[in-house]
Amino acid sequence: MRKVNISIVLYKHEPSSIARLVYVLKRNVFVNELFLIDNSPSPNLEFESFGVSYIFCGKNIGYGAAHNIGMRKSLLQDNIFYHLVVNPDIELAEDVIGKLVLFMEKNPKIANVMPKVVYPDGRLQYLCKLIPTPVDLILKRFLSKELHEERINKFQLKFTAYDKVMSVPYLSGCFMFLRVNALRKVGLFDERFFMYPEDIDLSRRLFKHYDTAMYPEVQIIHRHEAASYKSFKMLWIHSINMIKYFNKWGWIFDKERSLVNKDLLQNLAYKQKKNNFL
């Protein structure tokens, strides 16, 4: 049986807020080990009663760096084929992990799969995206929707309806079901990013060598706290780390981004046109 390790990063979370998620994940026969990695200022020993591997970092080392602790443990275990990075604000049915394992076993070229993600009220979250430009993120964050709706719709690939499997270069970090051998090839989260763009960076590195897919036959709920929209401090952290991201990959001139986005849009438009004629 193909085994899965899972990491959840915590910061001042109450045990009751993740108890249901931990319960569902632990019950799955495919799950080998669940790491709760705590970036809080002080430990909460109640998490140890969950029967998981509780790791207290001693300080807030960042989202990607904390998940890397769990992923490195998966890399060292020969019997672990997949590693799930999952947010504490996710809700899922007990059969989700098994369905994703089966999907990955049937599709060995896929390095990362994300289910269809919805809000608690059932509305779709548009988490399949092009590689972002600075303009995409500035428009989405600071300007009214009416002024940039067409561009954002294209950036979030809304025209696809999210009803078929599609491989895209940027999948949300809220739920990343990762092939461990792919991580051995491309590396883990870039720890220069304290929070936010680490998922963009890892997604596009994986996409260079593999498919990274949204699988709509499986669905999860994401409560989506969107902290940077509610807190100036989190907005500042978001902004600083996006600057680091564009310093790494390029602001205006990012040849890889231009080619990937162009090819993806052409491919998706062709598939949509073909399906409309069937």
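**Labels and the values behind them**

Mentor: Let's begin with strand 4 (residues 80-86), which is mostly covered, with six of its seven residues buried. Keep in mind that this is a predicted model.

Trainee: What does strand 4 pair with, and which way do the partners run?

Mentor: Strand 1 (residues 3-10) runs parallel to strand 4, and five bridges join the two. Ile-6 stands opposite Leu-84 there. Strand 10 (residues 175-179) is also joined to strand 4 by five bridges, but this pair is antiparallel. Val-85 has Met-176 as its bridge partner in strand 10.

Trainee: What makes strand 8 and strand 11 count as paired?

Mentor: Pairing needs at least two bridges. Strand 8 and strand 11 have two, and they run antiparallel. Met-166 is bridged to Met-214 in strand 11.

Trainee: Which other strands does strand 11 join?

Mentor: Strand 5 (residues 90-91) has two bridges to strand 11 (residues 211-222), again antiparallel, and His-222 is the partner of Ile-90. Strand 6 runs parallel to strand 11, with eight bridges. Ile-110 and Asp-211 are bridge partners in that pair.

Trainee: Now the rings. Why is the pair Phe-47 and Tyr-54 called stacked?

Mentor: The count of aromatic pairs comes to nine. For Phe-47 and Tyr-54, the ring centres are 5.6 Å apart and the planes sit at 25°, so the pair is stacked. The cut-offs are centres within 6.5 Å and planes under 30 degrees apart.

Trainee: How do you know whether those two are buried or exposed?

Mentor: Buried means under 20% relative accessible area. Phe-47 has 0%, so Phe-47 is buried. Tyr-54 has 13%, so Tyr-54 is buried.

Trainee: And what makes Tyr-126 and Tyr-162 edge-to-face?

Mentor: The planes of Tyr-126 and Tyr-162 are at 90°, with 5.2 Å centre to centre. This pair links distant parts of the chain, 36 residues apart. Tyr-126 is in the loop between strand 6 (110-118) and strand 7 (128-129), and Tyr-162 is in the loop between helix 5 (145-155) and strand 8 (166-167).

Trainee: Why is Tyr-126 called partly exposed?

Mentor: Partly exposed is the range between buried, under 20%, and exposed, over 50%. Tyr-126 has 29% relative accessibility, so Tyr-126 counts as partly exposed. Tyr-162 has 2%, so Tyr-162 is buried.

Trainee: What lies over the face of Tyr-126?

Mentor: Lys-158 does, at 4.6 Å from the ring centre. The distance cut-off here is 6 Å. Ring pairs also link Phe-193, Tyr-245, Phe-246 and Trp-251 into a cluster.

Trainee: How do you know that Cys-128 is in no disulfide?

Mentor: Two cysteine sulfur atoms must be within 2.5 Å to count. The nearest cysteine sulfur to Cys-128 is that of Cys-174, and it is 10 Å away. The structure holds zero disulfides. Cys-128 is at 0% relative accessibility, so Cys-128 counts as buried. Cys-57 has a relative accessible area of 23%, so Cys-57 is partly exposed.

Trainee: What makes helix 7 mostly covered?

Mentor: Nine of the 10 residues in helix 7 (residues 198-207) are buried. Among them are Glu-198, Asp-199, Arg-204 and Arg-205.

Trainee: Why is Ser-74 called buried?

Mentor: Ser-74 has a relative accessible area of 1%, so Ser-74 is buried. Ser-74 is found in helix 2 (residues 63-75). Leaving aside neighbours within four places in sequence, Ser-74 is in contact with Asn-5, Ile-80, His-83, Val-180 and Arg-184.

Trainee: Last topic, the cores. Which residues have the most contacts inside the largest nonpolar core?

Mentor: Leu-36, Leu-92, Phe-175 and Phe-177 do, in a core of 61 residues. Helix 3 (residues 96-106) gives the most to this core, with six residues. With neighbours within four places in sequence left aside, the contacts of Phe-177 include Val-4, Leu-84, Ile-97, Leu-100 and Val-113. Another core, of 19 residues, lies apart from the largest one, and Ile-55, Ala-66, Leu-178 and Leu-206 are among its members.

Note on methods:
Residues are numbered from 1 along each chain as its sequence is written. This is a predicted model: local features need pLDDT of at least 70, side-chain atom pairs count only at pLDDT 80 or more; totals for chains, interfaces and linings use all residues. Side-chain values use heavy atoms; hydrogens and water are left out. Rings of Phe, Tyr and Trp (its six-membered ring) pair if their centres lie within 6.5 Å; planes under 30 degrees apart count as stacked, over 60 as edge-to-face and the rest as tilted. Buried means under 20% relative accessible area, exposed over 50%, partly exposed in between (1.4 Å probe, protein chains only). Helices (H or I, at least four residues) and strands (E, at least two) are DSSP runs, numbered from the N terminus. A charge sits over a ring if NZ of Lys or CZ of Arg is within 6 Å of the ring centre and within 35 degrees of the ring normal. Contact means heavy atoms within 4.5 Å. A nonpolar core is a set of buried Ala, Val, Leu, Ile, Met, Phe, Trp, Tyr and Cys residues joined through side-chain atoms within 4.5 Å.
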